Every structure is written in C-alpha cells, then in structure tokens.
Amino acid sequence: MMASSYNAKEEDGHHSGASNNGGAGVVKSKKPDNTAFKQQRLPAWQPILTAGTVLPAFFVIGLIFIPIGIGLYVTSNNIKEYEIDYTGADINDACYNCAKNFSWNSTTPCLCSVPFTLEQPFESNVFMYYGLSNFYQNHRRYVKSRDDSQLNGDRSALKNPSKECEPYRTSEGKPIAPCGAIANSLFNDTLELYHIDSNGTRNAIPLVKKGIAWWTDKHVKFRNPGGNSNLTVAFQDTSKPVNWRKPVFDLDPSDPENNGFINEDFIVWMRTAALPTFRKLYRIIQKKPSTTPTLPSGKYVLEITYNYPVRSFDGRKRMILSTISWMGGKNPFLGIAYITVGSICFFLGVVLLIIHHKYDTRNNSADIPS
Amino acid sequence: MARDTEDRAAGTHKAERRQRGRSKKKPKETRTVRVHTGHEHNPNRHYANNRIKTTKYTVLSFLPKNLFEQFHRFANVYFVFIALLNFVPVVNAFQPELALAPVVFILSVTAIKDLWEDYRRHRSDTEINHMDCLVYSRAERRYVERFWKEVQVGDFIRLRCNEILPADVLLLSSSDPDRLCHLETATLDGETNLKQRQVVRSFFDLDCEFDPLKFNGIIECEKPNNDLNRFRGYILHRSGSRDALYKDNLLLRGCTVRNTEEAVGIVIYAGHETKAMLNNNGPRYKRSKLERQMNVHVFWCVVILLLMCLFAAIGHGLWVFQYGDKRPVFDVLSPEGAELSPVVAAVYLFLTLIIVFQVLIPISLFVSIEIVKVCQVFFIHQDQDLYDEDSDSRLQCRALNITEDLGQTQYVFSDKTGTLTENKMVFRRCTVAGVEYSHDANARRLALYQEVDSEEEEVPPPGGSLRRDSSSSQQSSRVVLRSLSTKTHRRTGSRADAKRASILSKHTAFSSPMEKDVTPDPQLLDKVNECGGQMDFMRFHGQPVSQLPSDLADIMDFFMALTVCNTVVVSSPNQPRQKVRMRLESKSPVKTIEDFIKRFTPSRLTSGSSSSSSSSLATSRSSNRGCSGLLSSPSAESTLAKLQEEQAALGSAPPRYDGTPRSPEDGELRYEAESPDEAALVYAARAYKCSLVGRLPDQVTVELPHLGKLSFELLHTLGFDSTRKRMSVVVRHPLTDQITVYTKGADSVIMDLIKPPDTETSKGRRQKKLVLRTQNYLNLYAADGLRTLCIAKKVLSKEQYACWLQRHLEAETAIQGREELLFDSALRLETNLQLLGATGIEDRLQDGVPETIASLRQAGLQIWVLTGDKQETAVNVAYACKLLDPEEEILTLNADSHEACALLLEESLHYIQTKFLCSSSDQAAKAFLPNFAPFEVYPPSSSSPHSAAFTVHRLGLVIDGRTLAYALDQSLEDRFLAVARSCRSVLCCRSTPLQKSTVVKLVRNKLKVMTLAIGDGANDVSMIQVADVGVGISGQEGMQAVMASDFALPRFRYLQKLLLVHGHWSYSRLANMILFFFYKNAMFVALVFWYQFYCGFSGSAMIDQWYLIFFNLMFSAFPQLVTGTLDKDVSAETLQQLPQLYMSGQNSEEYKPYMFWMNMIDAFYQSLVCFFIPYFAYADSDVDVFTWGTPITTLALLTILVHLGIETRTWTWMNCLSISFSVSLFFTVSLCYNASCPSCFSPSNPYWSMQRLLQDPLFYLLCVLTPVAALLPRYFYRACQGTLFPSPVQVGRQLDKLPSETRRNILNLGGVEAGSAVRPVPHFLSLGTPSPEGPDENHQRAGLHAVDATEKDTLPYTKDAAKLPPEPRPRPPGDAEPRPPGDDEPRPPGDDEPRPPGDDEPRPPGDDEPRPPGDDEPRPPGDDEPRPPGDDEPRPPGDDEPRPPGDDEPRPPGDDEPRPPGDDEPWPPGDDEPRPPGDDEPRPPGDDEPRPPGDDEPRPPGDDEPRPPGDDEPRPPGDDERPHETSEALKTSAMSASSRAASSPRPPSQAASVQLPLPPDGDAQRVRYCRNSDHAVRPAARTQTDAVL
C-alpha cells in the first residue's frame, strides 16, 4: 500500500499540506471544513460600478477638489518671486564678456553686476536661489559619481575613494577629496545683492548662508574626516577636485565651521537636482525684526563673481528671489490641477447623472424591489 | 519438488523448446533471476534493490540540479542575465548585488518549495524503506526481519496476513489449501474486491512447507515494465523443466495480503522496478490556455521593452551628439576615462535601460501565478459541494496549473458508462429461450429507488402505491420495507450518511441494495421452480436430465450460466473476506493435459501422450488430497450422492420450493465481482434461487431450487476481454456430466457465434426462432437503454475438449505472441454456441446528470459523448440524460466504406446548410408562437461566440465506431468536423479508446478549442490525456482514469460546479490578475521612461533602486495575490443558476488581446499622470532626484492599489487588510531605509528623504490629486460600462446584490429563459452585433420575446415575472427528470420525457416534404399524450426501409434466413406496453439475409410489406407514400420528434421529417450507404441519411 499509493498520497499530502494552513486534513472524514473562508463565503462588500452608484463619488470629489484648488492657487499667487538670468548669453547682457571668455581653466575671476528693480516689496524671509537650466545633474553617471562614505568622513574612503568617482577619483596620484563629478562641478559663482536706496547708495543685503542645507545632511550625512578640528591636517594627502580653485577645507574662509565636507553650499550642490532646470538655495535673506519688508521695492544690484561656465552646454544661470508659503515656492500648477480635476469630476458627474437618468433608472428601481 | 519438475519435464517438453528458441532470439528483453541458495549472497545483486528513492535531489546535487531545473524557465534565465549585466561597469544601473536580489529571491522561493517537497518525499521514502518484512536469510537459514530497503531481487519473502507487499513477488507457496493468495489491490487500481493469486504451478502440490533452500532454479521473465496486467516468464528448474509464469503468480508491491495466513514468494522486481513504482508518474504539468496567451503578451512586453530601450538609446546618442566636443561637466566620462562617442554611448545605454526597465517583464508574475493557483487548488479541494459523502471522497486536483482552463472549456467529451451512468448495474429484464420476462415488479422497485434517491424532502413511503399485480406478496412487502428502511436512515441522519455507513460496513463493491435485490418475474420464477422440481424428480428416478423439455432446460442452463459464468468471489460478511468454503472435493482446475487426462481417465485419451510420470503426478496429487475417488469415472449419480451426503453433513438449509424469503445467512452471502455486470447477473440469478454459494479455482458451487447445492467442476475459465467481448467457462455439469461451455458476452459477438440452426429439424427451427426472437428482444432492450448480454452454451465431447485443451495449453505456455494464440484458442472454443437467452441490465444515470448536462450546455459547452456502447443503448441514454433532445433532429451516420462515409458527410453538410441557412425565417416563425415549449431550457448554443459559420444548430449527430474510423481519416476529417461542429450534440458509439482520443485530438487541434475529457475507465485514459483538461471519475472502475487525469471527481454532476463556479472563478481571477500585472509593471516602468526625457536619456531613474527592484516583490504584491485568490466576480449561486455566465470564460472575455493593449494604454496614461503632476508641481524647484522620485513612487503605488480596488469585485477584510498592509509596508520600509544609513546605498542617497516628504504638505496634496486624476478615466469607463453595456458577468453581479427573494424570482426566470431575460439591452448576452440567430434565439426561449419586445433594457424584475408562464421553474422536479430508460410504467400524459418514438408518424401525407420553415417545432401539446398503443405502431414502411441490413453483417452468411413475417407475433401480451410493436420491425424481413451489405438495394418499395397486416393498419393512409419518397431521392430525412408538453393545440400533422430537396435519382436504384442499425433507434427522432448512387 505504501509504495504504490505513496506518490498519490504524497500528492494529496502536498496539496492539503501546502494549502491547508490549518491542518484541516486531520479529520477522519475527508469532508472539508465548513468555514466561511474555506468555502469562500467570507462576508464581502461587492461594489457595483454603475452610473448610479458612482456618481456621488464624482460630485464629492469635484466639490472637495475645487475649493482646495482655489486655495492653493491663491496661496501660490501670494508668493512673490523675482528672477534674473545672468548667463550672459546675449551680447547686451552684463555678464556677456565673462561668459564668453570664461572657462574652467580661467584663473582670474570675472566680475559682473546686474541691476534690477523689485516692483513689490518682499515680506518675510526671502530665499535667494541660483538656478541652472539645461544642466543635467540627474545624468546617470553624474549622479553616481560620488563617494558617500568619503563625504561621511570615512578616512579610508578619503584616502581611497570609491570607484564610482572615476574619472575624478585621483589627481596627481593623490585621492581627490571630495571625489567625483558632482563635487568637481560645484557651482562656484558668488552672488552678492545690494540694495540701492533712494539716494543711490549701495547697501549690501545680509545674506545668511547657514541653514540652506538639510539639517540631516549637514549634521549626519556629511561629516569631515576626524571631526572639525584641523581640516588642513585631515585633508592632507588629498588633492582638490580638478575644477576647484580652493581645496575643500578652504571653501568658506569666513566661517571655519562651514568648511570641508560640511560646507553648506557644497552640501546643497551635492543633492543632485531631479530635473535639468533646477534651482538651488543659495542664501536666505532673513526677515527684519522691524515692520519694514525684507526687501523693499526699489533698485537692486546683483554682483556676480562669474566662475561657472555654462555656455558649453547651452546652460542658463539665474538668480531667484522668492518668498515661500506653507506649500513651498511659487507654483500655481497644483492649484490649477486641483481645480481642473475637480471640474472634470464634476462634469463627469453630470454626465453620469444624465446617463443614469436615461439608462439606469430601471436598474435603480430594481434595487428597491417592489 | 525436484520430482515435481521432473514429472512435468516430458509434458512440457515441446512447449519448452519453443520457448527456449524464442527467448534466445531476444535475450535482452528478459530478466533472469538466479537462485542459488548455496551461496551466501544473493546472486542477483546487479538488479535494483528495494530501496526506493523518489527524491530528486541529494544534499550535494540540490543546488546545481535545482538551479538547472529552474533555468528551464526562460524568464529565470532572462532575469539572471539582467542581473549579471549589472556587473558590467559601463552598463550597470543599480548596485549589482541589489540587482541580484529579486532573482535570488524568486529562485530561492522556488528552491525552498522544491526542497520542502523533496524533504517530504525523503521522509516518506525513509518510512517506507524502513518497514519490516520477513526475508529468508541464507546465512541463518531462517526468515529474519529486514527492512524493506534491504530486500533484493531473488530474496525469499514470507508474507503474513494483512501485510503489505514490499516488492513484486512471485508466489511460491501459500498456506491456503487452494494454493491461493488473496490480495487487495485498492491502492494499485482502486478496486476493492479481492484478487486471487496462484502459486506457481510447480509448487502447487507442495504439501510440506516451502523450503527456500531447496529452491534452485532460474526465473526468466520480462524486463520491468509498467503493465499491471501483464507478466510472463518461466522458471527453469535445475532439472531443466520449465514452468510458465503468469500475472496470476505475481504479487505486486503495494497490495495487501488478505485472507491468507502465510505466503512465500521470491522477489522478482524490487524498488523502482516494481510495477507499482513504474506506474507512478508524478503530477502532470500542462500549460493552460491563459498562460499561453499570457506568454504572447510577455513577448509583447519584451518588444515594448526593446522599443523603449531603443528609443531612449537613440535619444541618448543624439543628446551626446548635440554637445559635440564641448563636453559638459555633467556628462561624465566612462570609468576608464574614455570619452564615449554618441554611438557607443547609445549602445551602452541600450543595455543599461534593459536593466532599468526590466520590471516591465514581470518577474514576480510567474511566482504569483503559481501561488494563486495553489490557493485556487486549495479552495477547490475545500469545497464542500464537491465532496461526495457516499464515497467519502472529494475532488482531487492532480494538475496544479490548469485550474483556469476549467473556466475556458468549450468542448466536453464524456464517456458514458460510469461517467454519466452510475456503473451500478441493475438487472432489469431478460429473455430466456425466446420468451421475454419483463420483470415489471422489478422495474417498479427500481423506480422506487430512484424516487427515494432523487427526492430530498420527506415523502410518505410510496409503498402504498406499489401494488402487486401478479407476483408474490412477499416480494412486494420486501420492497416496501426497503424503502422504509431507507427512510429511517434519512430521519436519523442524512441519507448519504446511512448509505456511506452501509458501504463502509460492507466493504464490498457493487453491493448497493439496489443492485442486490432483484424482484423476480413471477412467470419465470414459476418456471424455474418447475424446472428444478422436474430435475429433482428425474434425478430421483434415474432419468437422464437431458430429457428435460428443452425450454425448461434452457431456463436452467440460462441461470446456470448466469451463476457460473463469471469470476465472482463469494464471501460472507460475518467474517469479512473469509471465503465460504463449500468444498466438496479438492481439485484444481485443469491446467495440464495430463491433469485432464487423469480426470477423465476412462476415456480413450489415456493412450495418448500421457506418460507414466505424469500419471504418477496426478496420483500423488490426488492421494495427497485424499480424493482418489474422483479418479473413477464420475457419474452424475455418484456426484449427486456425494452432494447429498455433503448437504446432510453440512446441515445446510433445505432447498426451498416456494417463494419464501431466503434464510438470513443465505442472503448474507456477498459477491465480489470484477465488474458490476457480473455481480448484477449473479444477484439476479440468486433472486431465482440459483445462488452462487462458493467459488474456488476448480469448482463452483451453486444452490438450486429443489436440487440443493450442486458443484460444478470448473475446468477452464476464459476471462473477459474487450476484444473478444465475451467470457466463457468450461465446466462439467454435475447433473449431466457433460462438459459444458457457458459463454456470455455482447450480443453482437455472441450472435455471430451462434451455431446456425438446422432448419430441417424441429429443434433447429425452434433454435432459429429463438435466435430471432432473442434478437428482437435485444433490440428492444437496447432501445430502452439497457446493456444487453447474450448467454449461450455449448456442450463439448471429451474428445473435443481434450483436443482444444491441448492447443490451449500450448498457447498458454507460449512466451511470444501468447495473446494472439490465446485469442485464437478462445475463438476455437467459443463457436457454434447454442443461444440460451439474453439479459438486459440497466446502468442507471447518475444523479443530476441531465441537469448537469443541461446546465453545461446552457453554459455554451458542446457536449460530445464517446462511448463504446452500442448505438441504440447510447442513443437512449443520451435521451435520458438530455444530451439529445426529442426536439432536435438527429443525423445518424452509419457507413461501411470510406466512399459512403464521404458521401454521407457531404450530404449532411449540404443538408445542414440548406436547412439552416435558408430557414432562419423558420426559426423566427417558431419563435413567435407564444406557447412554445415553456420548459425549453437550452439556449441554442449558437449564442456562443462562434461566428456565423460555426453556428451550432439544433441537431444531434450520432455516429458509430466504424463510420467514425472513416470519418477520422485525413481526407474526411475536415468534413466530419464541419458536420459535427454544427451539431449541438454528438454521440459516437462503439468507439475504441484510440478513436476517443483521436476525436478529442482532432477537435482540439482543428477547431482550436479548449477540450475537456471526462471518463472513468481505462478506456478513457488516452482521451483524458489528450484533452486540455482531463477529468477522471473516481468511481468503481479503478483508478486508471484518475491517475491519468488532471482533476478527479467523485461524481459527474460535480462537473457543473467545478466548471461553472471554480473554473469561472479561477479563470476570471487569474485573467484579471495577469492583466493587472502587465498594467502594473508597464505603469511603473513608464514612469522611469518619461524621466529619460529629462535626464538626457542617460538611463537615470528618479525612483530609488530599492523601490524599483522591490516594488513588484514587496509593495504591490500582496493585494493582488489576495484579489487573485479571493475575488469573486459573481457569486457561486448565480454562476450555477445562470450558466450562461460561463461563456465569458470560453470567449476569454476577461482577457482578450485588446485588453492587454487597453491596459497598456491605460498604464501609460496613468504613468503620465503620475509623472507629470509631480513634475509640474516641482518644476523649477530645488527638489533633488530622490526627493522628487519618492513621491512619484508613492503615487504610483497608491494609484496601482486604487486601481486594484476598482477592479476588485468582492471586498473582504482580507482585501482591505492587504491593501493597508501594502501601504504601511511601503512607508515603513522607506522610513526605515531612509533613516538607516546616511552613506550606504550608492548611488542614491535617500537619507531622510521620506521623513522630509512627510513634513511637506505638497506631498499629501499630490497623493490625493494624482490617483484621482490617473484613475478618473477608468473609473468613469467602468461606471458607464456598468450602466450602458454591462457584460453578462456584471449583470450577474447585479443579481447578487438583489435581495434574496427578488433574486430567486429572477434567477428562476433566468433559468428558464436562458439568461436573455436578464439582459437590459437586447445585445446584452449576444456579445456585440446581433448575429443572424441572435434575435431568433431570444425568441426561442420561452415566452421571452414578449419581455424583450416591451422592456428591452432592463432586468426583468418581479414585474416581468408576472408575464411569464406561471411556473417557470427550469426543472420541475420529477417532471423532466431522467427516467430510467425503458421505464415501463404507464406514463402520465404530458410527460415530457424525451421519448417520442414514432409518435409523430400519423401525419397526413406530404407533410414531411421539405416543410415550411418553422414547422416542426411548436409541436402540439397533446401529441405525445397517452397515446393509444396503436398509435405507436404505425411506423411507415418507408421508415424502415432506409435502414440497412444493419449491424449484423459480421454475421456469417446463411445465418439468418428471411424471417417469416409472422414470426414475431407470439409475444407475451402486455409485455411491451409502452413500446410500439413497430419497434421490432426495424429489421425488415429479408434484411438479415446473407447478403453483402451493399447489395440489397434495388428492392422495390413493396419489399417491406410482407408484414403482419395488423401492423400496418393503424397507419394513416398517407404514410404509405413514404416508401416512394424515400426511394425518390438521396435524402436526409430528418424527423424531429414530437414536442414535449407544448401547449398550443395543433394538428398532429406538425411533427415532421425534413427531407433534402435533392434531385430524384433513379427511383428504385438505391445503394445504401447509410446503414442505420437494424434496431429501432427511436425511429421518429432520427434522421436517416441515405446515399443514392
């Protein structure tokens, strides 16, 4: 019996065993258990999608979305934003000469200044961004070209950066710190903003460079090797990235806490942008304690130390001043999207209502049996 | 022993030499087992030992072997390739190790599953290998306990009672005095009866215990093979003598020894070479249709993938190209520092993107499908409705991966016997010596069973209505008692419980009370008694028994044959499995010629070839047994005297002469038969007091009325086989001392073997009359759907017997070609028989078969029945089970040559075309008759999706095996299919197993349809294997069909739920799941694709690699698994009540190719939404790659889940749980992942992104907006579709929602109206544009047109119900129920059962010409009402005419002379009330003449007339024109039967036959190609197709 029935039994065993989660097969009779689960009689809700059943959902969605959309739209419109393209692509541009002559190999900085006028005062904190267009920071090899361990302060990674950094891994036989293409292409224009008051004097607007990076980046993800003690020592035996003028421990001469890998401009740059047109937070203009607007309307001058060549890839460089709301920067899209989707829902709801009225009435009445 | 062998040496010398010669020719085909006990070791070590190892792997081989196996699946190779591609630096997209993760995961899941299974196998192997058995130890010279695994070929094994055989063992010794060993083979073949095995002949006479030491010989036998029923070989003794070995000597591994104290055998095959193991095939792997379709789409996915990659690669090339030499800072050099040219960059990128987009090929799809299928199998297993309490068995899914094929089946091929019918043979009636005994009481009793069976409610016992007319009252009371006892069971528990209990307690197959109890026909009982009395009288008066009047002698012989001619084993229930010993003398069956000579010593034969040694053997034997008395010439007197002594000694109950019930112990005898027919006959004989009381290999003991116990010396048994279709026993009759051969077998065979009667003598004339009458009755029986068996006998002289025996023994000992020799030998014996009579055995339909067939047909399934039965029986069973409908016309194809067959097919095709293409108005006309058939339940299958060309008409096709053979020829198969496919039901009779499978294969391959074959016996195995889905009925016929099947059902009716519910669910679940998988992956991957436009086609992904890789496996997997497992589109009840819903699966409506593309388009749309809403929302912001990508991932996940929610039809807590689990899993994982390591997971550095996102209101706003926007179109579409053009399934779902009361009403209507009533709009069920038949069909459904016309766009709710006929239940219980065919009870008027034989005849002349369309259906209601008996008779002569000489041509010429017309008259009156006497005429006189089939044609119409005048009288005059019509042309006359209880009173003239309007062609010159059988096949309901040259 065993041998011959063996496979059949084993089959059975397999089936019931494998599927019988509860070992129901032990009952003497082979009669299956009469449980709701096994008999596939679990209590269930069976929605039926017909015009009649679905149309409330459409109206509800429409009714919810449209107000949200309006709210978002209004919020977005209240945000003030000012943008200057200082690429210098055009011959009339202030930075045309800089742009034309400048390359990564230039040693002397090129300065240019762009005057502009704010029509409206900017209240509250104003965020100053630099924006790049046509810059594919999301290029696959570019994104990968970094060594997070090195940036995290790992000494061994400092001395021996990851292969991902190739071809910006070593230079002159020494490991590059920070290695990789991202770091190598660090945005290094310096932007300064001056307010020209009514009597023509240029008042430098204080730009705060603290707090532009994510807190976790600054404090967790990016670490200097050996702490912040002596960066020069820590980074000895490494070489600076090819395109850099200054070594990493000398990025911010004004604030020793902002040097090395934890330099906030560097950190912001290292967070690669999602899209080829992007902006990155450069500085924050903090709200003044007084009631005067942070940036009153009037004339301003943007002083640019033009270090960053973008002409090779038809890039554009911008400076953006923006206030922000609870939902971020100025972007009317979401509001419009909500309003649109809400209206479509409402419209489809109406269509369904018509359909329901025309074709579905019997069905409905049938639901209420006579 | 040595002496024994020497004794035999001389006798077997000749045969032996031949064997040796043969065995030398093919030395490799045998195995040799040498036994030299002198050696310490077994010399057969080189054969496989008995250790079994069914595991696939060893510890070492597991990994490579399993991987190797897994890599057979192409997808796995693909994914591994992709993972490996990641290790190439220039193209790598992900962290290489990470990219391996999914593949490794998938592989390891499968590997773990395999490992677990293998481990279970291993454990079970170990358990089996370590079972104990007694093996003879050569060293210790005794039997010692050994493990099974230590057993080796050549070992001697001692078996004790109830022990399981460890290997295939040759039986050498048995403690049984008869040298038998009883085996239970249930585990091998499922048969519960005991089998007897015999000790090898040379060890037969061993009186002392078998001593292995003395055994010294060589066993030569076949190589191991898996044929359970074959074993041959011989023992070569040291003396040089040989002994043939048969399957009867072999005990197979796995069987259990029963009833035998001890047996010793030698192991022949061990371990994996045993037949049981060789027969063990693992589960079957098939690929389902859905999976094939899916694979096509997987292929398309690959194409899409490549296109996307190509597109992006070109884009990247251009992107690189546009920068020219000015390399931008972000275009990083390759790791080697080399600058990449645009082309090279593009090529690299192409490879990279294949990796990135790999998700498009759903890696988890295959695993998910497997998981879902396992769950589906689990649920199918667990379904209580598929559990049969009677046999305590439930459905088994043996193939795990084709559950969804159950939902797509289009053609069902069914066996008949045992599948549609119970395979419980019930004796119904018999004819003996030309006199029919109709067994009315028996019929009534059976009807009673059926009522009890079919009624569920408590009904007062119908015993009151059961009045006895003529038979004894005891019988009647017994019947009533029976029904009462059944009822009692039902009160206490469920009836089935009781049944099961009874079955379990008895352990005997074929012994339901229904089968056991036979109510004898009083007339026949009287005759038997009389006969017994006379014989008794003669015996006492010393008269030779042969002086008995011949009819009485025939009766006696008839019952003798029933009792003796079988292999039934008798056992007594008190000591289960203990055979009843009624041994009168000890003798073995004649096995050698010497033996025979010895037994018949005083004959001349002594001087023949016998040698002194052989006689000494015989002497020693007999002296051993102390039966020397037998050696003296045994005369009837001495035997009888002995008998009486024996009787006295045993004190057995004296024979009873009256009809008193038998004593209990007598009645308790149980019969264990190999086939249910046998048991039925033995029980029938017992009812006539001819009981079989004991069977031993050499003798059969029979108890006869007045005569007491007689024992027949059993000289030889020629077992039943399907080629001979008969079995015979050779016995020595104790009363006459004649050597008598009793043969029983199929009538077609036996009738040919009947000795042609000699018309000169009166005896001969009587014989001839007997044969003719018997043939008539056989036709009757067949027309009633009974299985017929003919009983014949033959008396042999001793010389003849000896002569035959000699040759037979030679044949038996031959090794080569033994089968053919045996066949020839049997043929020599079974000729010139004398016909005794015939029996009609009813094989009752299984419960619920008609309903199941009706409902399957409603479900759009084409049902073909392929049976080996004869045409008449098959046709009648087909009517009974509603396969054929009296409404419909039947094309009968019987041809006896290839050309004729071709012509016939051509005709039929033509007929179908003309009839059905030109007569759509016909159908329309019939549709508007309001009262048409309120019980019409079938939707014409033409509503199935076949295009107009394949429209299925209301036609039945009946074809016999021979014609089928021609039709299946390559040149004709297309035509055959064209005809068959347009018929609603097809019935192939007398088909061989091979034909069955050929038909299935043909339909499957040519029509490209899904086929399901269902059967229960070995003859269905090939068909089951060929079909897409094979279903075995685990019934009484063994396990072979089950072993070959994918699903094993206990009963046929479970097919309904299996297909309609589980099949539908499985299909719809899987189809939806697969579609969803494609959608999901496409949608997800497209997100990354859109991103390529914004990353310079650099192959960058904004979705973190972890999400990208694990999205499929983890985050989105569970909900769809749950939905794929649990979703029910429509409830089981609705699915069963509205079988039409099944068509959605047949038409693959859940998963059509366009749906794949629609899903793809939807996927691309949704991904666009999911991509661009965040894109614009974050445009020109300081968002970084992964802070932007993570919301997109989240949005995609949410969208996908909500999408799944929209597609989920049934929400249970499991769905909700799984969806929330998925969402929370995603957030948990991403939070943990984003918090875990600030510097790992290069290149993405998602540290703290999720945490930041969760603080961002924008994220939540997106999460709300995007899924809504993405799913708006689909949701809207679904809503519109649900309202405007809901699929039938959706309507079914709506029905589910209704309150139960309303629902029941509607479903009842729906059942009647074939679902059309539920359609809100007319085209609802007709799927698309209304086909030409569309509207017609609607109207064909009862009373529907009214509904349709008035309220076309609604569900017919209660208000509609009022318009319908008052009692629209689809199946009024008991009304349309399968009545046992041939049920003789007076039928109630209006009873609509499917037997309108001949009732439509009396119709005005000319009516049957090409009738106006629409003519034949709305048949007058009163048409088949209680018709006067005369009504039936008038079968127009023309009707008979086209009938060919019939099936009987194999009959030797000169067999039947033209029967005098008056021959048929002397029927017992009242015998055949409901049956038209005309039924018997089908063989026109002269039909049986020894004519070659084709040459009887040019007969004038008047030829048929010589018929009893009274016969023709009731015929309306016009009917006489029929001969003229028939002869006028080659025609297909279709005579559709009368309507059922239709209402509108119409003149009877409406019933009609349709004839092909073909050009008349030579009036009388007809050649008959069409050979309708000569039996009456429901004459009216048939189309006869004649071909005229």
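In which loop of chain B is B:Lys882 found? B:Lys882 sits in the loop between helix 27 (871–880) and strand 31 (889–893) of chain B. Helices (H or I, at least four residues) and strands (E, at least two) are DSSP runs, numbered from the N terminus. The phi of B:Lys882 is near 65°, a positive value in a residue other than glycine. Most residues other than glycine have a negative phi, and most peptide bonds are trans.

The model is predicted: local features need pLDDT of at least 70, side-chain atom pairs count only at pLDDT 80 or more, and totals for chains, interfaces and linings use all residues. Residues are numbered from 1 along each chain as its sequence is written, chains are lettered from A in the order in which they are written, and side-chain values use heavy atoms, without hydrogens and water.

Chain A holds cis peptide bonds. One runs from A:Glu166 to A:Pro167, with omega near 0°. A:Pro167 lies in the loop between helix 6 (155–159) and strand 4 (170–171) of chain A. Another runs from A:Ala177 to A:Pro178, with omega near -10°. A:Pro178 lies in the loop between strand 5 (174–175) and helix 7 (181–184) of chain A.

An unreviewed UniProt entry places the feature "transmembrane region" at residues 48–74 and 333–355 of chain A. UniProt positions follow the numbering used here, feature names are shortened, and annotations may be inferred rather than shown by experiment. Residues 48–74 are 89% helix and 0% strand, with end C-alpha atoms 38 Å apart. Residues 333–355 are 100% helix and 0% strand, and their end C-alpha atoms lie 32 Å apart.

Chain B and chain A share an interface: 137 residues of chain B are in contact (heavy atoms within 4.5 Å) with 113 residues of chain A. The area buried between them is about 10,700 Å², and carbon and sulfur atoms give 61% of it. Buried area is the accessible area (1.4 Å probe) that two parts lose on being put together, summed over both. B:Val329, B:Phe330 and B:Asp1180 supply 7% of the area that chain B buries against chain A, more than any other three residues.

The interface of chain B and chain A has 4 salt bridges. A salt bridge is a side-chain nitrogen of Lys or Arg within 4 Å of a carboxyl oxygen of Asp or Glu. The side chains of B:Asp1180 and A:Arg279 form a salt bridge (3.1 Å, N to O). Helix 44 (residues 1257–1284) of chain B gives the largest share of the side of chain B that touches chain A, with 17 residues.
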